[in-house]
Amino acid sequence: MVRIEAEETEEQVSNPSKPSSSPPPSSQKNADEGFETASDGELGDSDDDHHHPHQSQSDQQDEQIVSPNDHDDHLNQKALEQANDAKLEGNKLYSSGQFEDALSQYELALELAPEIPSSVEIRSTCHSNRAICYLKLGKYEDTIKECTKALELNPAYLKALLRRGEAHEKLEHFEEAIADMKKILELDPSNDQARKSIRRLEPLAAEKREKMKEEMIGKLKEMGNSLLGRFGMSVDNFKAVKDPNTGSYSISFQR
């Protein structure tokens with residue numbers, strides 16, 4: 001008697017566990033907004049167990065034995081899938097301008113994602129996406145914090161460096177913004193946006209340094225006058241004269 005086995009459908013055949021390296025369409029970057037989502041490549045499909053109808057009882061018992069490592073891998077895979085779902089929901093909310101709700105979804109994704117090497121991409125991207133939401137909301141300090149967290153996970157994350165630089169500029173932290181732009185050029189020497197930003201930021205940084213110097217001198221002068229006033233003098237009675245030969249200064253007293 002010939003036994004005919006039913007063919008498996010495509011749904012019954014498990015997908016390979018090897019992650020895809022290409023990001024899905026839903027996670028593509030928006031160049032205008034600088035928005036970027038993690039690729040879903042780290043989220044491979046889990047394998048399904050298929051049992052032959054005529055397997056022996058001992059074979060079936062062997063297959064039912066699951067090692068602790070296999071169990072942990074299964075839980076991590078499930079957690080990554082749930083984290084990715086939350087991230088995708090955050091992307092939708094961001095695209096519709098619901099930045100506060102998007103923040104909540106990215107936070108949920110971070111809570112769900114296990115702290116394992118294969119989750120680094122999705123975790124760093126969720127931090128970067130939270131940074132973009134804060135940037136849109138004008139919360140620049142929070143933007144900097146989220147970008148820094150993303151960069152701790154992925155030091156070569158150009159988008160996180162760019163967004164942190166933008167937030168620093170908004171807060172007039174020009175030196176810090178320049179440092180981020182220079183780091184981008186180290187990683188990507190052809191990045192014109194970073195190069196143009198440096199040219200624009202350097203005069204602002206120099207102007208701020210000069211302003212800070214004047215403020216410091218003013219405070220020191222005020223402090224000196226408060227002390228010298230007890231003796232009927234002021235800092236105006238003291239003149240600094242520069243020696244043209246040595247470049248050093250000497251202080252002379254004048255009434």
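**Helix packing around H4 and H6**

H4 and H6 cross in a left-handed manner (left-handed if the near helix is turned anticlockwise from the far one by less than a right angle, right-handed if clockwise). The contact, meaning heavy atoms within 4.5 Å, brings together Ser128, Ile132 and Leu135 of H4 and Lys159, Ala160, Arg163, Glu166 and Ala167 of H6. Helix H4 covers residues 120-136, and its packing angle with H6 is about 25°, the two axes being 10 Å apart. Axes here are lines fitted to C-alpha atoms, for helices over the stretch in contact, and angles run from 0 to 180 degrees between N-to-C directions. The pair therefore counts as roughly parallel (under 35 degrees is roughly parallel, over 145 roughly antiparallel, 65 to 115 roughly perpendicular, and the rest oblique).

A word on the model: it is predicted, so local features need pLDDT of at least 70 and side-chain atom pairs count only at pLDDT 80 or more, while totals for chains, interfaces and linings use all residues. Residues are numbered from 1 along each chain as its sequence is written, and side-chain values use heavy atoms, with hydrogens and water left out.

On the whole-chain level, the protein chain has eight helices and two strands. These elements are DSSP runs numbered from the N terminus, helices being H or I with at least four residues and strands E with at least two. Along the sequence the pattern reads α-α-α-α-α-α-α-α-β-β. The protein chain has 255 residues, and 31% of them count as buried; buried means under 20% relative accessible area, exposed over 50%, and partly exposed in between, with a 1.4 Å probe and protein chains only. As for contacts in the protein chain with a separation of 6 or more, 53% come from residues 24 or more positions apart.

Back to H4, which also packs against helix H5 (residues 140-153), at an angle of about 165° and with the axes 8 Å apart. H4 and H5 are therefore roughly antiparallel, and the crossing is again a left-handed one. On the H4 side, the residues that meet H5 include Val120, Arg123, Ser124 and His127, and on the H5 side they include Tyr140, Asp142, Thr143 and Glu146. Ser128 and Leu135 of H4 also meet H5, and both are in the H4 contact with H6 as well.

The buried residues of H6 are Lys159, Ala160, Leu161, Leu162, Arg163, Arg164, Gly165, Ala167 and His168. The length of H6 also checks out: at 1.5 Å a residue, its 13 residues should span 18 Å, and the end C-alpha atoms are 19 Å apart, which agrees. The expected span is 1.5 Å times one less than the number of residues.

Just after H6, Glu172 takes a positive phi of about 60°, although Glu172 is not a glycine. This residue is found in the loop between H6 (158-170) and H7 (174-187). Glu172 has a relative accessible area of 46%, which makes it partly exposed.

Within H7 sits Leu185, which counts as buried at 19% relative accessibility. Not counting residues up to four places away in sequence, Leu185 touches Asn191, Ala194, Arg195 and Ile198. The C-alpha atoms of Leu185 and Arg195 are separated by 7.3 Å, with the two residues 10 apart along the chain.

Helix H3 (residues 99-112) gets the same length check: its 14 residues should span 20 Å at 1.5 Å a residue, and the end C-alpha atoms are 20 Å apart, in agreement. Buried in H3 are Phe99, Ala102, Leu103, Tyr106, Ala109 and Leu110. Seen down the H3 axis, these buried residues fall within an arc of 120°, so they line one face of the helix; the arc is that of the directions from the helix axis to the C-beta atoms. Gln105 also lies in H3, but at 21% relative accessibility it counts as partly exposed. Leaving aside neighbours within four places in sequence, Gln105 is in contact with Ala86, Glu89, Gly90 and Leu93. Gln105 and Cys126 are 21 residues apart in sequence and 9.1 Å apart in space, C-alpha to C-alpha.
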